[in-house]
Amino acid sequence: GDVVLDPMCGRANLLVEGALNWPACSFVGCDVDPSQIDAARANVSRAGVDQRVTLFQADSSTCIPMADNSVHKVCVDVPFGKQFGSVQENETLYPLLLCEMARVTRCGGKAVLLTSVENEATLRASLATVCEGNKKGMEEPDALGNSWKVDLRYGFMLFSKMRARVFVLTRTASPPPRPVAAGTSPVAK
């Protein structure tokens, strides 16, 4: 019965695979690009999972069209800055996305983010003072209001040619950070 969100779903590949393998869950996908949402709808229909996958055209860095605390799990392949955007744009995008994900994810919910090694520093800076693995000395409030706890960071080779990183996060009991003005990052540099 979990609600699973991909806030940057593209063609909905993660959502389709999830829906095919976990029939008791509901899946929600968002993407800012209307052509990606059209392709996602086609993929969802072709897979026969239309009844359990809901798609929205939305900019997830500013507004995921879901109620607060309504999501159990988040899985997202965030932009690497190669095909979409840039590594520099991700310095603003990643913290905004993490804030909005914190708003919709319930306490104890999990998030799995995939990125490239080139964006690891940006993602880590966004989560800089979150207590990682219960290490002491990293427990002061961060720009995201300690809304995420880092459970795991994992590096591997993607397609045998790209160094990728996976971050597994848990939503803490801290209230989500307040929204920030469009075009600005909640993380101080």
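Q: Which residues have the most contacts inside the largest nonpolar core?
A: Those are Leu5, Met101, Leu113 and Leu169, in a core of 27 residues. A nonpolar core here is a set of buried Ala, Val, Leu, Ile, Met, Phe, Trp, Tyr and Cys residues joined through side-chain atoms within 4.5 Å. Buried means under 20% relative accessible area, exposed over 50%, and partly exposed in between, with a 1.4 Å probe and protein chains only.

Q: Which elements each supply at least two residues of this core?
A: β1, β2, β4, α3, β5, β6 and β7 (162-171) do. Helix α3 gives the most, with 7 residues. The helices (H or I, at least four residues) and strands (E, at least two) are DSSP runs, numbered from the N terminus.

Q: Before we go on, what kind of model is this?
A: It's a predicted model, where local features need pLDDT of at least 70 and side-chain atom pairs count only at pLDDT 80 or more, while totals for chains, interfaces and linings use all residues. Residues are numbered from 1 along each chain as its sequence is written, and side-chain values use heavy atoms, with hydrogens and water left out.

Q: Thanks! What does Leu113 touch?
A: Setting aside residues up to four places away in sequence, Leu113 touches Val76, Val78, Leu98, Met101, Leu123, Arg165, Val166, Phe167 and Leu169. Contact means heavy atoms within 4.5 Å.

Q: And how many residues does the second core have?
A: That separate core has 15 residues, including Cys9, Leu15, Ala40 and Cys75.

Q: How far does α2 reach from its first C-alpha to its last?
A: Helix α2 (residues 34-47) has 14 residues and reaches 20 Å, close to the 20 Å expected at 1.5 Å a residue. That expected span is 1.5 Å times one less than the number of residues. After α2 comes Gly48, with a positive phi near 75°.

Q: Switching topic: how many salt bridges turn up in the whole structure?
A: The search finds 8. A salt bridge is a side-chain nitrogen of Lys or Arg within 4 Å of a carboxyl oxygen of Asp or Glu. One of them joins Asp68 and Arg103 at 2.7 Å, N to O. Asp68 lies in the loop between β3 (53-57) and β4 (71-77) and Arg103 in helix α3 (residues 87-104), so the pair ties together parts 35 residues apart in sequence.

Q: Is Arg103 buried or exposed?
A: Arg103 is buried, at 18% relative accessible area, whereas Asp68 is partly exposed at 49%. Asp68, Glu100 and Arg103 are linked in a network of salt bridges.

Q: Nice. What does Lys110 pair with?
A: Lys110 meets Asp151 in a salt bridge of 2.8 Å, N to O. Lys110 is in strand β5 (residues 105-116) and Asp151 in strand β6 (residues 148-158), so this pair ties together parts that are 41 residues apart in sequence.
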